[in-house]
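Here is a short tour of how the parts of this structure meet. Have the viewer open as you read.

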Amino acid sequence: MTITRRGLLAGSMGALALGVSACGGVNKSSNNDATKGGDSGSLSTMGFGKPDDVGQARIDAFKSAYPKVQLNINEGDFDPQQFLSAVATGNVPDLVYLNRELVGSYASQGAIQPLDDKMASAGIKNSGYREAAIKEVTVDGKVYGIPEFYNTRNILVNGKALQEVGLTLPDLSTSDWDKLHASTVKLYKANGGRIARIGFDPKLPEFLPLWAKANGADLVNPDGSPNLEDPKVIEALAYALSLINEQGGWSKFKAFRDTWDLFGSGNQFVKNQAGAFPWEGWLVNVLVQASPKVDLQSLPFTDRQGNPVSFQSGSAWCLPKGSKNPAAAVNWMKTMTSTETWLKAGEARQATVEKNKSKFTGLWTANPEADQQIKAKYVKPGQTGFDKAIENYYASTEYAFAVVGSKAGSEIKTAWQDAVNRALSGQQKPDVAMKQAQAEASKAFSAAK
Amino acid sequence: MAAPTSVAATRRMTAGGARRTRNWREIRAAYGFISLWIIGFLVFTLGPMIASFVLSFTDYNAIDSPQNVGLENYRQLAEDQKVAKALGNTLVYAAMYVPASMAVALALAMVLNRVGRASGFFRTIFYLPKMTPTVAVGALFLLLLNGQEGLLNRTLRLFGIDGPNWTTDTHWVKPGLVITTLWSVGGTVVIYLAALRQVPKDLYEAAELDGAGSWTKFRKVTIPMISGALFFTLIVQTIAALQMFNEAYTMFFGGQQNSTYSNEAALFYVIYLFQQAFRFLHMGYASALAWLLFVIIMIITAVQVRVSRRFVYYEGERD
C-alpha cells in the first residue's frame, strides 16, 4: 500500500516536532526564474554559515561574475532538521552546504541530486579536485557534491612541555606505540588527583579512523559497508583508550579538556595544559593569532611502519532535490571552488593577516592547483615551529585518505562514535562496543536503498 | 383542578422552554469561545497524532511516499537495544527528578508563604528562571557542572568534598541533569504557594490546640490540604520528565562537538526518537517510538490517578 506523501507530511512533522524549535525557514526562489544559463534569477543557500574573509571574497567573486543572480544566503550552519523539513515540504534551497561525510546518507535518501551530468555541462572536472575528497562525495559511482575545504590532521606539540620532561619530537611518533605510551605518561601531570596537563590526547572518538588506518584498517569498506569489528580497529581503539586511561580516565580527562580556552590567548599551550595532540590545520591559524610566541612544534601522524598518514574531511556544495535554479547553483559551485576564486580568497586572507600583523598559515582546499598557487604566493618559508607545522599540513594534503562515502554513512559514523563513547566511559570493553556498532551499522547499511 | 394544573404545566413548559433556549444560547457561546482551541487541537494535535499513528506502520523517509510495512516498526522496537537503554535512562531520570522537583518546590513555596509583604517580589524572582530558554540553561550548566573547574565542584571543594564529574561520568550524568532541570522549578513553586494560601488558618489553630508540633501540622494538615496541587504537579512533572529533551540534547547531543562526545547515560527516549526521525530520516520508526511513549505515559498516568484516589483530598467531596 502506498500512502500519499503530501497528505501525511504536515501531520508527521508536527507529531515529531516534540517541542524542538521549528526550522528557521529557507529563502525561496520563484519557480519561473531558472534560466538555462544560470546567470539570472534568485539563488538561495543553506548551511553556509556566516562567511569570514575567505568566504566573503568568494561570494563577491560570484556576484561579480553573475551580477543578475539575486543571492540569498541563509547564514545559519547546516541543520539536518531544517534541511529535511525543507526538502519534504518542497520549500528547498537551491544549494546546500554540508559536511562531506553526510553526503552518502542524503544521496541514498534522495534528498540531494547526482551532479555528473551538470558538472559535464558546466565543464567541471573531477580531476580539478583532490581524489580523496571526490571519493567521499561519490556514492555508487555518482558524484553528489563539489568539495570545498580540505582539513587534514597532524600532531601539534607544546615544545615547552616537551623540554620540561626531557623528551624530543621523535618520542611522540605514532609509529612506536610503546614509546608513545611512555612519553604520554611522562608528559602527563596531575596535582592532588586533578589533572594539570594532558600528556598526549589521542582525540577520541573523532580520530578513530586515523588510529585504525595507522594500524592497517579502514572503518568503511570500499563498497560502503561497515568494517567496525576488524581486529585491527579494535586494537587501535584499545591502544588509544589506554592512553586516556593512563591520564586519569575518560571522565576526568574530558572534564579537564572542556576547561581549555581553545580559541583564546589563554589556550592550552599557553597555560601548559597540553603536551601534544593530533589536530586539523585550522588550529595553527588560531594559535598564531592568539599566542604567536607559543613554542609550537609538530610532526606528521604515522602508521606503525613509519609512513605518514592523515585523514581528511571538509565541506561540499550539493544540489537538493527540487532545487529551483540548478543552473545558477552549478555556476555557484564552479565559481566558489575555482582556482581564480580561491586566489581572491587568498588575497583577502593575506589582507587580514597584514591588518592583524599576523602570519599566513595556509589555506587548504580540495583544489590542489589553488593550494599550490596560494602557498607559493603567500606562505613564507621559515624555520619557526609555525613554519614547520604549516609545511606538515601542506604535505599531508598529498597523502590524506577519506573515509569511504557510504549510503549509510551517517548511521555508520553514529554507530562507531557511540561505541567509542561507551568504551571511553567504561560501559563496554572495546571489542564488545565495536561488535555492537558493527551490528547496528550493518543493519542500517542493509536497510539503506 | 384540571385548569390550574394545566396552567401550571403550561408555565412550567414555558419556563422550561425559555431555560432550554437560554441554555442553548450559552452552549453556543461557550463553543464559540473555545472553538479556536478546538480547531487548534484538531489541526495541530489530533491530526498529527492520527497521521503519526498511520505512519508508524510504514517505512517513510519524508522524501519518498510511505510504504506500508505492517507491524515491522513495532517488532523492531522490541529488538532495538537502544530503545531499552533510552527507556531505562528516561525512567530512572523521572524517578529522580519528579520527587526532587516536588520536594524543592514545596520547600521554596513554604518559605515564600512565610514571607510577608515582599512575597510578590520573591515570587517573581523564583519564577524568573522558568523564563530562561532551556537551551541556554543546558549550555550554562555545562560550565557550572564541569568536574574540574565548575562552580558547583569549586563550592564543594571549600567544604573538603571532591565533587564528581557531573557531565562526563556516566554515573553522575543523570543527577547532573536533575540539578540542571531544578533550575526551572519556579512554575511548581507558584502552584504550591497558591495551594498553601488556601489552607484555612483555623485548621492549624485546631491542630495546635490538640498539641500538634510543626512536623505533625505539616503532615496532618498541610499535605492533605494541598494534596490536589501535589497530585496535579506529580502528573505534569512525570509527563515532562518522560519527555525530557531540551537540556539533555543541548548538553550532550546538540551541535557537531557535543554529538561527537554523546553520552549514552543521557540518551533519553525523545532524543533517540528525534535522532531516528531527523538524523536518519526513519520517520515511520520514529512514529512507532512516539506511540510507544504515548502508551507508556497513559499507563503511568492511569496508575497515578488510580493510586491518588486514596491520598488526594478535594474540598467539597461527599466522602
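Chain B of this predicted model is divided into domain 1 (2-55) and domain 2 (72-311), with bounds from an automatic or database domain assignment. The centres of the two domains, taken over C-alpha atoms, are 39 Å apart. In domain 1 of chain B, B:M49, B:F53 and B:L55 lose the most area to domain 2 of chain B, together 79% of what that side buries.

The table sets two interfaces side by side.

| Interface | Residues in contact | Buried area | Salt bridges |
| Domain 1 and domain 2 of chain B | four and five residues | about 440 Å² | zero |

Contact means heavy atoms within 4.5 Å. Buried area is the accessible area (1.4 Å probe) that two parts lose on being put together, summed over both. A salt bridge puts a side-chain nitrogen of Lys or Arg within 4 Å of a carboxyl oxygen of Asp or Glu.

Now to the chain B and chain A interface. One salt bridge joins the side chains of B:E264 and A:R422, at 2.7 Å from N to O.

Residues are numbered from 1 along each chain as its sequence is written, and chains are lettered from A, ligands numbered from 1, in written order. Local features need pLDDT of at least 70, side-chain atom pairs count only at pLDDT 80 or more, and totals for chains, interfaces and linings use all residues, while side-chain values use heavy atoms, leaving out hydrogens and water.
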